[in-house]
Amino acid sequence: MSLVLGLDASTQSFSALVIDSQQGHIVAECSINFGQALPHYNAPSGFIPNGPAGEVHADPLMWLDALEILLDTLAQTCDLSQITAISGAGQQHGSVYLNEQWTATLPSIQTQQSLASQIAPCLSRSTAPIWMDTSTQAECSEIAQAVGGDTVVCSKSGSIAIERFTGPQIRRFYKYQPQAYQQTQRIHLVSSFLCSVLCGQDTPIDIGDGAGMNLLNIDNWQWDPQLLAATAPELRQKLPPVVSGHHIAGSISRYFVEKFGFKWGTEISVFTGDNPSSLVGMGASQPGKVVISLGTSDTFFAAMPTVATDPAGCGHVFGNPLGGSMSLQCFSNGSLAREAVKDRFNYDWEQFTTALSQTSPGNEENLMLPFFHPEISPQIRLPAPLLQGSHAFETWQEGQQAIRACVEGQCMNMKLQSDWMHVQPDVIYLTGGASQNNAIAQIVADIFQAKVQRFSQSGSVALGAAMRAAHNTLGIKITDLEAKFCKADSESTCLPKVDSNAYKSALKTFSSLLLCARKNTTY
Ligand code: ADP
Ligand code: XUL
């Protein structure tokens, strides 16, 4: 038995998945929802609501408490001493700020107290800005201006200066809290922070997650001196080194051996971002497959044969944890937008699904821009859920139509915004919490005019982490792991039920609604 653990620290939950890498099956899995398990953090969806000026932060101590509950729960169904390798992934772009106590504290953490209470004194900033933060518009302009414009930022880092990316977030912290910035000795991503805690030592950032910072040069996958200088002073020494996804970051620390029964010496592969990890878990790390993930954010991504950047500036290039690069487009109005419409009509998911099956493709031209908080792709800051003819979402009376309009709007937007990747998929691999919904999957198939496939295993982020650990530590070929774990569930395949004309006019109208909303936006 070669048990391997994959961890997924996402926006709303912390999940674990254990695979038997030789037998090819899932041994155990569990998930801790931050809002439900840790209500005293007042973060019902995993982040602190109503931050000022577009700030969206989360408490890193909440992630640590969740990790402990997660491992306790996992230990009830799985003998953790049998785990032979570990890796993990985190929501991308979020950053954790640590003071001079950090490196000395990590190896000396004791089981008598919680992780959170021992790491708390190491935080030079009590909260971590996460990917939903839109507060850094000024800092993005400043960085772009300092290096010669957004075209330069994009050709260097794979993305224009983007509000949620870590570099602009760091600059804002430096500008508004210069003293706390000065006291910061280490800045980690969510992924590298958690990897360090598990290893009991400071660990590197991988090229998959590192590329989401506007600081990494995608030509050589090293920190870019010009971008560092444009972001904040003395930044280079505050960042950990960058490594490829094959790197072994360390082995499990004494705390986890003594408290949860892990075996001494269990190797931990460097963590990566949730999307790069999902690329691996979906069996899509070689070019040719397109993945749509319907999670808190919706993402559209693919491994790329060559690096291509988005001329419109909303798309990104990240390192592929198994080598090469990937393209990604992120939509911030994902699950929380679907939930906003569902909750507005007091529906549950079953009623939501019925609504989709009782309305027809194209929704009789009832269109919605399904943006309930600022959108990233395209950049739209106004909360402008519009009906055709610019009526506000509040005027929608008809729940069934509103629900179809929301999901169709999300898929049409995704199709239009991902055009720059020039991938015309015959098959789309669907993952994330909402992918289990057959009616949503059907709309994806209809709008993209592609076959949609799902795997019986929906947790592709944690699976990708476990596959990477099995590959890096146990030397198992990725193709062998894909053959065992990335099997499409034939019963859940969706084929388009309408032809390409069905959405022709809706796509055109949707496009002009987008243009109109962009003109009205404060960008
Ligand atoms: P993340 O990893 O970003 O935290 P997940 O991929 O786990 O998010 O997805 C969680 C989301 O899945 C929930 O917020 C919920 O909106 C959505 N979801 C769960 N069940 C359904 C369903 N039956 N239909 C549509 N969406 C669903
Ligand atoms: C990707 C992005 C989100 C987060 C959270 O650029 O911002 O997908 O990784 O899932």
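**Helix H19**

I began with helix H19, residues 478–485, in this predicted model. I found Ile478, Leu481, Glu482 and Phe485 buried there. Buried means under 20% relative accessible area, exposed over 50%, and partly exposed in between, with a 1.4 Å probe and protein chains only. Helices (H or I, at least four residues) and strands (E, at least two) are DSSP runs, numbered from the N terminus.

Next I asked which elements the buried residues of H19 pack against. I noted strand E2 (13–20), strand E3 (25–33), helix H13 (274–281) and helix H18 (460–474). Contact means heavy atoms within 4.5 Å.

Conventions, for my own use. Residues are numbered from 1 along each chain as its sequence is written, and chains are lettered from A and ligands numbered from 1 in the order in which they are written. Local features need pLDDT of at least 70, side-chain atom pairs count only at pLDDT 80 or more, and totals for chains, interfaces and linings use all residues, while side-chain values use heavy atoms, with hydrogens and water left out.

**Pockets**

I looked up the largest pocket and found about 1,100 Å³ of space in it. On a 1 Å grid over the protein atoms alone, a pocket is an open set of points with protein on both sides within 12 Å along at least five of seven lines, whereas a cavity is a set where a 1.4 Å probe fits but cannot get out; lining residues have an atom within 4 Å of a point. Grid points are joined across faces, edges and corners, and a volume is the space filled by probe spheres set on the points.

The largest pocket is lined by 45 residues. Ser13, Gly295, Thr296, Gly432 and Gly433 lie nearest its centre. Two or more lining residues come from each of E2, E3, H13, strand E19 (325–331), helix H14 (335–344) and H18. By class I recorded 12 nonpolar, 27 polar and six charged residues. Ala, Val, Leu, Ile, Met, Phe, Trp, Tyr, Cys and Pro count as nonpolar, Asp, Glu, Lys and Arg as charged, and the others, Gly among them, as polar.

The second largest pocket has about 270 Å³. It has 13 lining residues, with Ala312, Pro378, Leu416, Gln417 and Leu514 closest to its centre. Helix H16 (399–417) and helix H20 (504–519) each give two or more residues to this lining. Which element gives the most? H20 does, with four residues. The lining splits into seven nonpolar, three polar and three charged residues.

**Cavities**

I searched the whole structure and got three cavities of 30 Å³ or more. The largest cavity is about 110 Å³. Of its 14 lining residues, Asp133, Thr134, Glu163, Glu375 and Ile376 are closest to the centre. The lining holds six nonpolar, four polar and four charged residues.

The second largest cavity is about 50 Å³. I listed Asp298, Phe331, Asn333, Pro370, Phe371, Glu375, Gln410, Asn413 and Met414 as its lining. H16 supplies the largest share, three residues. By class there are four nonpolar, three polar and two charged.

**Aromatic rings**

I counted 11 aromatic pairs in the whole structure. Rings of Phe, Tyr and Trp (its six-membered ring) pair if their centres lie within 6.5 Å; planes under 30 degrees apart count as stacked, over 60 as edge-to-face and the rest as tilted. Phe345 and Tyr347 make a tilted pair, 6.1 Å centre to centre with 45° between the planes. Phe345 is buried at 15% relative accessibility, and Tyr347 is partly exposed at 22%.

Trp349 and Phe352 have ring centres 5.0 Å apart and planes at 75°, so I logged the pair as edge-to-face. They are three residues apart in helix H15 (residues 349–357), so about one helical turn separates them. Trp349 is partly exposed at 39% relative accessibility; Phe352 is buried at 0%. I also noted one aromatic cluster of Tyr97, Phe173, Tyr174 and Tyr181.

**Gln397**

Last, I checked Gln397, in the loop between H15 and H16. Buried or exposed? Gln397 is exposed, with a relative accessible area of 70%. Its C-alpha atom is 53 Å from that of Ala85, 312 residues apart along the chain.
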